Amino acid sequence: MSRIVKFGEDVAGYDIPVLNEREIRAAAGLLFLMMFIAIATAICKGNFLLLKYAIAIFLPDMLIRVFISPRYSPSLILGRLIVRNQVPEYVGAPQKRWAWIIGVILAVTMFILVNVMNTYSPISGLICLACLIFLFFETAFGICLGCKMYGLVYREKARYCPGEVCELRARQEIQQTSRAQVLIVFGLLAYVVLVAVLFNDAFAMRSHALFG
């Protein structure tokens, strides 16, 4: 039984259980895509059917990760298959478990509000937004927002973080950002504002078919 119910894997060279960050990011991408499509459908069409199915899939996936083992999470299994040819990047399991406990809380709340009570409200909307933000940061940037709270709760430093961000190291030259690069980003933001001011009415016009 202990071989089934276990959080993290024992890997030589690591003195705490670890997980493969690459398959975690792949799984987060799959869940993000599912939740984004479901939420967009609910917002644009007022149809909550896809969202209810998405929540019904998301909840057991989180429960399996936290209370049984990430090894048996369907999304992580798919993630493992997707990145099976990539070299594993090991991260500490304790902080991931804390992050996924937050996911369980969000998923349970959503399941009760949307699936059981059959309601929608600003509360469920904010929870959906939080889920998307958590998943997007994980899959796009490799940043586990829930893991950031681990040190605040347990008052101990997380170990084996993605990209070795837990270790204080000087940035390499390729990681440094110049003032010119920062100005380019602000220039893009100014450009977006300018386009919105000048062309918003034209962009708001209904598009018509090119042929016919």
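**Reading the helix packing**

User: Which residues of helix 2 are buried?
Analyst: The buried residues of helix 2 are Leu 51, Ala 54, Ile 55, Phe 58, Leu 59, Asp 61, Met 62, Arg 65 and Val 66. Keep in mind that this is a predicted model. Buried here means under 20% relative accessible area.

User: What covers the buried residues of helix 2?
Analyst: The cover includes helix 1 (21–45), helix 3 (74–82), helix 4 and helix 5.

User: Let me step back. How many helices and strands are there in the protein?
Analyst: The protein has eight helices and two strands. From the N terminus on, the order is β-α-α-α-β-α-α-α-α-α. The C-alpha atoms fill a box of roughly 65 × 50 × 35 Å along the principal axes. Of the 212 residues, 32% count as buried.

User: What share of the contacts comes from residues 24 or more positions apart?
Analyst: Take the contacts with a separation of 6 or more. Residues 24 or more positions apart account for 73% of them.

User: Now the pairs. At what angle do the axes of helix 2 and helix 4 cross?
Analyst: The axes of helix 2 and helix 4 cross at roughly 145 degrees and come within 9 Å. Their crossing is left-handed. On the helix 2 side, the contact residues include Leu 51, Ile 55, Phe 58, Leu 59, Met 62, Arg 65 and Val 66. Among those they meet in helix 4 are Trp 100, Val 104, Ala 107, Met 110, Phe 111 and Val 114. By class, this contact has 17 nonpolar, two polar and three charged residues.

User: Are helix 4 and helix 5 roughly parallel or antiparallel to each other?
Analyst: Start with the angle. The axes of helix 4 and helix 5 cross at roughly 150 degrees and come within 10 Å. An angle over 145 degrees counts as roughly antiparallel. Helix 4 and helix 5 are therefore roughly antiparallel. The crossing of helix 4 and helix 5 is left-handed. In helix 4, the contact is made by Lys 96, Ile 102, Leu 106, Thr 109, Met 110, Leu 113 and Val 114. The helix 5 partners include Ile 123, Ile 127, Cys 131, Phe 134 and Glu 138. The residues of this contact divide into eleven nonpolar, two polar and two charged.

User: Is the crossing of helix 1 and helix 3 left-handed or right-handed?
Analyst: It is right-handed. The axes of helix 1 and helix 3 come within 7 Å and cross at roughly 120 degrees. Glu 23, Ile 24, Ala 26, Ala 27, Leu 30 and Leu 31 in helix 1 meet Ser 75, Leu 76, Leu 78, Gly 79, Arg 80 and Ile 82 in helix 3. This contact has eight nonpolar, two polar and two charged residues.

User: On to single residues. Where is Asn 118 found?
Analyst: Asn 118 lies in the loop between helix 4 (93–116) and helix 5 (122–141). Check the backbone there. Phi of Asn 118 is near 55 degrees, a positive value in a residue other than glycine.

User: Does Asn 118 count as buried or exposed?
Analyst: Asn 118 has 52% relative accessibility, so it counts as exposed.

User: What does Phe 137 touch?
Analyst: Set aside residues up to four places away in sequence. Phe 137 then touches Gly 142, Ile 143 and Leu 145. Phe 137 sits in helix 5. With a relative accessible area of 28%, Phe 137 is partly exposed. Ten residues along the chain is Ile 127, and the two C-alpha atoms are separated by 15 Å.

User: Where is Thr 41 placed?
Analyst: Thr 41 is in helix 1. Thr 41 counts as buried, at 18% relative accessibility. Beyond four places in sequence, Thr 41 touches Gly 46, Asn 47 and Leu 50.

User: Last one. Does Gly 92 count as buried or exposed?
Analyst: Gly 92 counts as buried, at 0% relative accessibility. Gly 92 belongs to strand 2 (residues 90–92). Leaving aside neighbours within four places in sequence, Gly 92 is in contact with Ile 16, Pro 17, Val 18, Arg 159 and Tyr 160. Tyr 72 is 20 residues from Gly 92 along the chain, and their C-alpha atoms are separated by 18 Å.

Conventions:
Residues are numbered from 1 along each chain as its sequence is written. This is a predicted model: local features need pLDDT of at least 70, side-chain atom pairs count only at pLDDT 80 or more; totals for chains, interfaces and linings use all residues. Side-chain values use heavy atoms; hydrogens and water are left out. Helices (H or I, at least four residues) and strands (E, at least two) are DSSP runs, numbered from the N terminus. Buried means under 20% relative accessible area, exposed over 50%, partly exposed in between (1.4 Å probe, protein chains only). Contact means heavy atoms within 4.5 Å. Axes are lines fitted to C-alpha atoms, for helices over the stretch in contact, and angles run from 0 to 180 degrees between N-to-C directions. Angles under 35 degrees count as roughly parallel, over 145 as roughly antiparallel, 65 to 115 as roughly perpendicular and the rest as oblique. A crossing is left-handed if the near helix is turned anticlockwise from the far one by less than a right angle, and right-handed if clockwise. Ala, Val, Leu, Ile, Met, Phe, Trp, Tyr, Cys and Pro count as nonpolar, Asp, Glu, Lys and Arg as charged, and the others, Gly among them, as polar.
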